[in-house]
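Please look at the sequence and the coordinates before reading on.

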Amino acid sequence: MAEMACLTVSPDSQGQGDGERMLKHIEQRARAAGFKRLFVLTTTAAHWFIKRGFVQKSFDDLPKDRQNMYNWQRKSLVLIKNL
Ligand SMILES: CC(C)(COP(=O)(O)OP(=O)(O)OC[C@H]1O[C@@H](n2cnc3c(N)ncnc32)[C@H](O)[C@@H]1OP(=O)(O)O)[C@@H](O)C(=O)NCCC(=O)NCCS
């Protein structure tokens with residue numbers, strides 16, 4: 001499983017499909033590198049990712065080394081997509 005640590009589009013350019021194009025490109029690269037799943041932690045864009053095939057999961061579904069770095073104050077949602 002790979003983490004997509006950050007995906008952001010300039011506020012001036014949002015809503016024009018760039019986010020989706022970048023996501024598809026990242027998914028392709030992750031697949032080519034042999035990853036089976038991609039996860040993101042987000043506080044602001046869960047619905048955007050869910051619309052694009054991510055499923056809300058729990059903290060326990062994160063890799064153990066990532067669990068150790070989880071920031072409980074941010075209360076990020078854990079979203080995972082099968083590639
Ligand atoms: C989330 C983000 C990457 C999407 O990129 P984008 O280029 O604006 O997205 P696209 O143009 O591919 O898709 C636009 C669609 O997403 C919707 N959308 C945009 N931001 C959204 C959000 N935060 N939550 C839910 N839907 C969102 C738009 O309404 C639009 O919907 P439609 O397809 O039904 O018209 C961008 O809004 C962003 O950088 N946000 C701030 C940073 C962030 O929250 N990053 C994710 C956390 S790691």
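Q: In this predicted model, which residue of β4 does Q56 stand opposite?
A: The strands β3 and β4 pair in the antiparallel sense, over three bridges. In that pairing, the residue of β4 opposite Q56 is L79.

Q: In what order do the four strands form the open sheet?
A: β1 and β2 pair in the parallel sense, whereas β2 and β4 run antiparallel. The pairing in the sheet is therefore mixed, as two strands count as paired with at least two bridges between them. The edge strands, each pairing on one side only, are β1 and β3. The order is β1-β2-β4-β3.

Q: How many bridges join β2 to β4?
A: β4 covers residues 77–82 and runs antiparallel to β2. T42 stands opposite L77 in β4, and L38 has K81 as its bridge partner there. The number of bridges joining β2 to β4 is six.

Q: Which residue in β2 is the bridge partner of E3?
A: Strand β1 (residues 2–3) and strand β2 (residues 37–42) pair over two bridges, in the parallel sense. The bridge partner of E3 in β2 is F39.

Q: Which element supplies the largest share of the shell around the ligand?
A: At least two shell residues come from each of α1, β2 and α2 (46–51). The largest share is three residues, and the element supplying them is α1.

Q: Which residues come nearest to the ligand?
A: There are 17 residues around the ligand, counted with the C-beta atom within 6 Å. Those that come nearest are Q14, G19, E20, A45 and W48.

Note on methods: Residues numbered from 1 in each chain as written. Predicted model: local features only at pLDDT ≥ 70, side-chain atom pairs only at ≥ 80, totals over all residues.
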